Every structure is written in C-alpha cells, then in structure tokens.
Amino acid sequence: DRPAPLLMDVTPLALGLETAGGYVQHLVNRNAPIPTEKTRVFSTARDDQTDVEVRICQGDSNLYKDNQALGAITLTGLRKARRGEIRIEVTFMIDASGILDVKATDLDTRHAQALRIALRGGIDQADVDQMRQRQERDLFPAQR
C-alpha cells in the first residue's frame, strides 16, 4: 500500500571552479539531483585584470589541486578596473544525460564564453574513494 520509491539521478561529486589562492567554490554539491542549474557571481582578483580563466573541477575538496580538473573557459576583453569591480556570472547546468554546460558572462558587456563537458565515465570509483579518503583525512587530521 506504500507508494513506489522515487528514483532520481544525482551528481556523485561536487562541481566547482577555482578561486583566488587555489581554493574551490562549489556550485553543485555532491548528490544534487539532476537536472540542475546553479549560478553565482564572482569578481576579478587583481587590478586591471583584462581576462579571467574559469577552471572547472569535480570533487569534494576545497583545494583545486585535490580535485579532478574538467576544463577551463577564458573570458577575455574585460575592461580595466580595480579588483572586485568587474562581475563575472558563472552558471553550471547539468542535464539529465550528464552533460555539464558552463557559461561565464561579463555582466558589464554581456560578453560570454561557454564550455560543454560530458560527466559520465569521467572518473572511476577508485578515484572517487581516494578523493573522499583524502578529504576526510584533511577534515579530521586528529583521528589518524
């Protein structure tokens, strides 16, 4: 008499992009149902920065180097301004077939770049387990 369970696809790992200092800002969290779309606004990190490289990764670590790099978009032609004045909108869209579309847009000029990444089959279970163990070790070093 109970309703049938609801089955849905989820992302196995978080998806994010590199920020200043080699850190990661996750836009899509691990186990987020798909399809999904997430948008955040970022700003430039240096004065007079005329281009921004948006480096995309998959993994749960807060450090870019400890995640799997998936690709990058370079947004060029930004006007020269003090750091933080130029706003870049980044959108991650994952469709039901596991395709990640990433779009970076300069909010001043509306100039945009996009990248499409197939997420399925990109990382094996051993790599997923290794990343999770590394993250747990980093989060709870006293329990070693």
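The model is predicted.

**Strand pairing around β1**

Strand β1 covers residues 15-19, and strand β2 covers residues 23-28. The two run antiparallel and are joined by five bridges. One of the pairs is Thr19 in β1 with Tyr23 in β2. Three residues lie between the strands of this hairpin. Gly21 has a positive phi there, near 85°.

Strand β1 also pairs with strand β4, residues 51-58. That pairing is antiparallel too, and it has three bridges. Leu15 faces Gln58 of β4.

**The four-stranded sheet**

Strands β3, β6, β7 and β8 form an open sheet in the order β3-β6-β7-β8. The pairing is antiparallel. The edges are β3 (36-43) and β8 (112-118). Each edge strand has a single partner, so one of its sides has no neighbour in the sheet. Neighbouring strands of the sheet are turned against each other by 15° on average, ignoring direction. In general, the strands of a sheet pair through backbone hydrogen bonds.

Within the sheet, seven bridges connect β6 to β7. Strand β6 spans residues 87-94 and strand β7 spans residues 99-106. They run antiparallel. Glu89 has Thr105 of β7 as its bridge partner.

**Asp101 in β7**

Asp101 belongs to strand β7. Is Asp101 buried or exposed? Its relative accessible area is 19%; the cut-off for buried is under 20%, so Asp101 counts as buried. The side chain of Asp101 makes a polar contact of 2.8 Å with the side chain of Arg116. Leaving out residues up to four places away in sequence, Asp101 touches Thr91, Phe92, Met93, Leu115 and Arg116.

**Backbone torsions in the loops**

The peptide bond from Ile34 to Pro35 is cis. Its omega is near 5°. Pro35 sits in the loop between β2 and β3.

Two residues other than glycine have a positive phi: Asp48 and Arg110.

The exposure classes follow from the cut-off: exposed means over 50% relative accessible area.

**Thr76 in β5**

Strand β5 covers residues 68-76, and Thr76 is part of it. At a relative accessible area of 43%, Thr76 is partly exposed. Which residues does Thr76 touch, not counting those up to four places away in sequence? They are Thr50, Asp51 and His111. Glu53 is 23 residues from Thr76 along the chain. The C-alpha atoms of Thr76 and Glu53 are separated by 8.6 Å.

Terms used: Residues are numbered from 1 along each chain as its sequence is written. This is a predicted model: local features need pLDDT of at least 70, side-chain atom pairs count only at pLDDT 80 or more; totals for chains, interfaces and linings use all residues. Side-chain values use heavy atoms; hydrogens and water are left out. Two strands pair if DSSP finds at least two bridges between them. Axes are lines fitted to C-alpha atoms, for helices over the stretch in contact, and angles run from 0 to 180 degrees between N-to-C directions. Buried means under 20% relative accessible area, exposed over 50%, partly exposed in between (1.4 Å probe, protein chains only). A polar contact is a pair of N or O atoms within 3.5 Å; within protein, one must be able to donate a hydrogen and the other to accept it, and residues adjacent in sequence count only if both atoms are side-chain atoms. Contact means heavy atoms within 4.5 Å.
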